[in-house]
Amino acid sequence: MTKDQARRWLKAAQTATQAIDKGELWPSLERLQRAGSENNGAGVYAYRSEMLSALAVAAVAIREASEKLRAADWPTDADWDVL
């Protein structure tokens, strides 16, 4: 493992992380959390349609974030030792 290769992997990991952070993952998960926390006192979701919609949006965002992570060469423990 060379320092240049370790740096490339670190840069790829940073780029993937930034793309996920700027994307829809966190807003969609926050929306899902809000939809799930609203209940009508009877122990059920107050707005079933909002919960279903939030679940669908979160599923897409999670899939997209997973694809970005899988596509990036990620640093290993050995890379950190080289850096």
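S53 is partly exposed, with a relative accessibility of 29% (buried means under 20% relative accessible area, exposed over 50%, and partly exposed in between, with a 1.4 Å probe and protein chains only). The model you are looking at is predicted, so local features need pLDDT of at least 70 and side-chain atom pairs count only at pLDDT 80 or more, while totals for chains, interfaces and linings use all residues. Residues are numbered from 1 along each chain as its sequence is written, and side-chain values use heavy atoms, with hydrogens and water left out.

Let us stay with S53 for a moment. This residue sits in helix α3, residues 48-71 (helices are DSSP runs of H or I with at least four residues, strands are runs of E with at least two, and both are numbered from the N terminus).

R31 leads us on to a salt bridge with E50, at 2.8 Å from N to O (a side-chain nitrogen of Lys or Arg within 4 Å of a carboxyl oxygen of Asp or Glu). R31 belongs to helix α2 (residues 25-37) and E50 to helix α3, so this pair ties together parts 19 residues apart in sequence. Both partners are partly exposed, R31 at 22% and E50 at 28%.

Now step back to the two helices themselves. The axes of α2 and α3 come within 8 Å and cross at roughly 155° (axes are lines fitted to C-alpha atoms, for helices over the stretch in contact, and angles run from 0 to 180 degrees between N-to-C directions). That makes the two helices roughly antiparallel, a label for angles over 145 degrees. Residues making the contact include L29, R31 and L32 of α2 and E50, S53 and A54 of α3, where contact means heavy atoms within 4.5 Å.

The structure holds two salt bridges. The other one joins R7 and D4, whose closest N and O atoms are 3.5 Å apart. These residues are three apart in helix α1 (residues 3-22), and therefore about one helical turn separates them. R7 is partly exposed at 45%, and D4 is partly exposed at 48%.

Conventions
Parallel < 35°, antiparallel > 145°, perpendicular 65-115°, else oblique.
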